[in-house]
Amino acid sequence: MPSYTYMSRGYVTNAINCYMKQYGFPLKEAIRELNKIVADADKTLNEEFLKTVAVGRGVLKAAMHYKKSIK
């Protein structure tokens with residue numbers, strides 16, 4: 001995957017470039033690892049939603065918007 005395909009997405013490019021520089025991974029490996037991180041965060045957030053009992057609707061909506069923003 002050429003890196004220019006990610007240039008229009010701004011924050012994705014920065015995350016990928018930082019991960020590549022920090023860990024010395026090639027582009028495909030960095031993308032794969034970042035996708036794993038997002039999948040783990042998504043799984044954790046879904047598990048926490050199942051455990052909540054008495055949380056206000058506003059808090060849940062804010063968490064859902066955060067979840068959508070990291071995808």
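**Entry 1: a starting residue**

I started with Asp 42, which sits in helix 2. The model I am reading is a predicted one. Is Asp 42 buried or exposed? Its relative accessible area comes to 16%, so I noted Asp 42 as buried, the cut-off being under 20%. I picked Lys 67, which is 25 residues away in sequence. In space, the C-alpha atoms of Asp 42 and Lys 67 are 7.0 Å apart.

**Entry 2: the overall fold**

I then stepped back to the whole chain. How many helices and strands does the protein chain have? I found three helices and zero strands. Along the sequence this reads α-α-α. Helix 1 runs over residues 11-23, and helix 2 over 27-51. Helix 3 covers residues 57-70.

**Entry 3: confidence**

The mean pLDDT of the protein chain is 78. I also noted that 79% of the residues score at least 70. Which element has the highest mean pLDDT, and which the lowest? Helix 2 has the highest, at 87. Helix 3 has the lowest, at 78.

**Entry 4: surface and contacts**

I looked up how much of the chain is covered. The chain has 71 residues, and 15% of them count as buried. It exposes about 5,600 Å². Carbon and sulfur atoms supply 60% of that area.

**Entry 5: the core**

Which residues make up the largest nonpolar core? I listed five: Ile 16, Tyr 19, Leu 27, Ala 30 and Ile 31. Helix 1 and helix 2 each give at least two residues to this core. Helix 2 gives the largest share, three residues.

Ile 31 belongs to helix 2. Its relative accessible area is 11%, so Ile 31 is buried, under the 20% cut-off. Ile 31 and Tyr 19 are 12 residues apart in sequence, and their C-alpha atoms are 8.8 Å apart. I left aside its neighbours within four places in sequence and asked what Ala 30 is in contact with. The list is Ile 16, Tyr 19, Met 20 and Phe 25.

**Entry 6: the aromatic rings**

I searched for aromatic pairs and found three in the structure. I looked at Tyr 19 with Tyr 23. Their ring centres are 4.6 Å apart.

Tyr 19 is buried, with a relative accessible area of 14%. Tyr 23 is partly exposed, at 47%. Phe 25 joins in too: ring pairs link Tyr 19, Tyr 23 and Phe 25 into a cluster.

**Entry 7: the salt bridges**

How many salt bridges does a search of the whole structure find? I noted two.

Glu 29 is partly exposed, at 30% relative accessibility. Arg 32 is partly exposed, at 42%.

Another salt bridge brings together the side chains of Lys 36 and Glu 33, at 3.5 Å from N to O. Lys 36 and Glu 33 are in helix 2, three residues apart, about one turn of the helix. Lys 36 has 44% relative accessibility, and I put it down as partly exposed.

**Entry 8: looking back**

The residues I placed in helix 2 include the buried Asp 42 and the buried Ile 31.

Methods: Residues numbered from 1 in each chain as written. Predicted model: local features only at pLDDT ≥ 70, side-chain atom pairs only at ≥ 80, totals over all residues. Heavy atoms only, no water. Helix = DSSP H or I, 4+ residues; strand = E, 2+ residues; numbered from the N terminus. Buried < 20%, exposed > 50% of the residue type's maximum accessible area, 1.4 Å probe, protein only. Areas by Shrake-Rupley, 256 points an atom, 1.4 Å probe, with all protein chains shown as cover. Core = buried A, V, L, I, M, F, W, Y, C linked by side-chain atoms within 4.5 Å. Contact = heavy atoms within 4.5 Å. pLDDT = per-residue confidence, 0-100. Phe/Tyr/Trp six-rings, centres within 6.5 Å; stacked < 30°, edge-to-face > 60°. Salt bridge = Lys/Arg side-chain N within 4 Å of Asp/Glu carboxyl O.
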